[in-house]
Amino acid sequence: TNITVAPLRYLLAEVHRHIPIVIHNVAFELPVLFNAWGVNWSGNGFSGFLPNVLDTKLEASYVNENGSLGLKSLSREWLDYVQTDYQTVTQGRKMSQMTAAETFDYGTDDTICTAALHNVFETIMRLENTWNTYLDVEIAPAYLTAQAFCRGVPISLEKVNELEAIDLKLYEQSEAVLMPYLVAQG
């Protein structure tokens, strides 16, 4: 049977204290959960967002920046496993029209593949000494990006104009040096 949101939120609130929550594509998932559940993650230091997340999409880019970052293609490439696609599962219906039993395999498939990919990527990143860089450089900005997406970013047009003027002046100064050099080089 389906469960209500309240027990799921309770479970996530307890889990994040002990282990990171691995997600594929936090740039999408953090705003979705924030918009669905609001700022009720108070007191966790994450401004209303699901706390303590890791992102296999970001991890995949560290392991192979030239490869596809989609979950289905990553599962095929790294796990030699072909996931069922959305159309096959829904057969033209909306997910809300399906029972939990009908969507269970599809939903858990993503979760299992995300966890398996995370294990592979973390191992590779630790061997390549990029794991701590990923943690230090990627996770906090992912939260800021999600926050900007959900709450907006205040923009000062005065500041924008000021920065554009500085950029234009620097461009003109650089061009005055670069262009004669390029012409002299033929």
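In which hand does helix 3 pass helix 6? In this predicted model, the crossing of helix 3 with helix 6 is left-handed. Helix 3 spans residues 56-63, and helix 6 covers residues 100-127. Two packed helices are described by the angle between their axes and the distance between the axes. For helix 3 and helix 6, the angle is about 40 degrees and the axes lie 9 Å apart.

Beyond its neighbours within four places in sequence, Thr114 is in contact with Val22, Ile23, His24, Thr56 and Leu71.

Salt bridges were examined next. Side chains of opposite charge can pair when their charged atoms come close. The model holds 3 salt bridges.

One of them joins the side chains of Lys72 and Asp110, at 3.1 Å from N to O. Lys72 lies in helix 4 (residues 71-79) and Asp110 in helix 6, so this pair ties together parts that are 38 residues apart in sequence. Lys72 is partly exposed, at 26% relative accessible area. Asp110 is also partly exposed, at 23%.

Another salt bridge links Arg126 with Glu122, at 2.8 Å from N to O. Both residues are in helix 6. They are 4 residues apart, so about one helical turn separates them. Arg126 is partly exposed, with a relative accessible area of 47%.

A further salt bridge pairs Glu162 with Lys159. Their closest N and O atoms are 3.4 Å apart. Both residues lie in helix 9, which runs over residues 157-185. The spacing is 3 residues, about one turn of the helix. Glu162 is partly exposed, with a relative accessible area of 42%. Lys159 is likewise partly exposed, at 42%.

Helix 6 packs against helix 3. Helix 6 also carries Asp110, the partner of Lys72 in helix 4, and holds the pair Arg126 and Glu122.

Definitions and conventions
Residues are numbered from 1 along each chain as its sequence is written. This is a predicted model: local features need pLDDT of at least 70, side-chain atom pairs count only at pLDDT 80 or more; totals for chains, interfaces and linings use all residues. Side-chain values use heavy atoms; hydrogens and water are left out. Helices (H or I, at least four residues) and strands (E, at least two) are DSSP runs, numbered from the N terminus. Contact means heavy atoms within 4.5 Å. A salt bridge is a side-chain nitrogen of Lys or Arg within 4 Å of a carboxyl oxygen of Asp or Glu. Buried means under 20% relative accessible area, exposed over 50%, partly exposed in between (1.4 Å probe, protein chains only). Axes are lines fitted to C-alpha atoms, for helices over the stretch in contact, and angles run from 0 to 180 degrees between N-to-C directions. A crossing is left-handed if the near helix is turned anticlockwise from the far one by less than a right angle, and right-handed if clockwise.
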